[in-house]
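Thanks for coming. I have one structure to go through today, and I will keep it short.

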Amino acid sequence: MPTFKDPQTVSLSTEAVARAAAFADAVTSTVNYRDSNQTIKKKIRDDHFVSKLGEEAVSFVFEQRDCSVEGPDYTIYASKRKSWDADLKINDLEVAVKTQRRSAAKRYGLSWTFQDSPERRDPILDTPEAWVCLVVFEDLKDGHECVVYPLRKI
């Protein structure tokens, strides 16, 4: 698969940002994160928005390399139908995408989080051969720029 070794900087299109925002607005009322003590709707919406920006950025980077990319998925699923499926398929390779805001990286350090609790556990943690693409959303700059890191196994 055409990949890269150095992080790639992407400026997202207005359309990509609008898709991410519309999804975040629509999905926020369908999720329940009380098990992780998260009940602030604005934070939940923002988490979904930033996640979709990361998926859009990864999709763009690989499409520019003539890869076949499936996703991001913008379907709003009923609570019982929500899944932990891969965020993207790149040339049929299932890829998880994790995105962090630059402002959070400045405050807490550059890191990405996977859900691991008795109530919800990201199944990727049970698959050490799984692929992940890490992204930083440059929220301290104007626009919607993301830095996409090369694919890696979890």
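I will cover the backbone, then the strands, then the salt bridges.

A caution before the details: this is a predicted model.

Start with the backbone. Between Gly 71 and Pro 72 the peptide bond is cis, and its omega is near 0°. Pro 72 lies in the loop that runs between strand S2, residues 69–70, and strand S3, residues 88–90.

Two residues other than glycine have positive phi. One is Asp 66, where phi is near 60°. You will find Asp 66 in the loop between helix H2, residues 41–63, and S2. Is Asp 66 buried or exposed? Its relative accessibility is 73%, so Asp 66 counts as exposed.

The other is Asn 91, with a phi of about 50°. Asn 91 belongs to the loop between S3 and strand S4, which covers 93–101. Asn 91 counts as partly exposed, because its relative accessibility is 34%, and the cut-offs for that class are 20% and 50%.

That brings us to the strands. S3 and S4 make a hairpin with 2 residues between them, and Asn 91 sits in the turn. The two strands run antiparallel and are joined by 3 bridges. Within this pairing, Leu 88 is opposite Val 95 of S4.

S4 also pairs with strand S5, residues 131–137; here the strands run parallel, with 7 bridges. In S5, Leu 134 stands opposite Lys 98.

Keep Lys 98 in mind for the salt bridges. How many salt bridges are there? The count is 12. In one of them, the side chain of Lys 98 meets that of Asp 122, at 3.4 Å from N to O. This pair links distant parts of the chain: Lys 98 is in S4, while Asp 122 is in the loop between helix H3 (102–108) and S5, 24 residues apart. Lys 98 has 16% relative accessibility and so counts as buried. Asp 122 has a relative accessible area of 7%, so Asp 122 is buried too.

Next, Arg 121. Its side chain forms a salt bridge with Asp 116, where the closest N and O atoms are 2.6 Å apart. Arg 121 also meets Asp 126 in a salt bridge, at 2.7 Å from N to O. As for accessibility, Arg 121 is partly exposed at 34%, whereas Asp 126 counts as exposed at 52%.

Finally, there is a network of salt bridges that links Asp 46, Arg 101 and Asp 139.

That is all I have.

How values were computed
Residues numbered from 1 in each chain as written. Predicted model: local features only at pLDDT ≥ 70, side-chain atom pairs only at ≥ 80, totals over all residues. Heavy atoms only, no water. Helix = DSSP H or I, 4+ residues; strand = E, 2+ residues; numbered from the N terminus. Buried < 20%, exposed > 50% of the residue type's maximum accessible area, 1.4 Å probe, protein only. Pairing = 2+ DSSP bridges. Salt bridge = Lys/Arg side-chain N within 4 Å of Asp/Glu carboxyl O.
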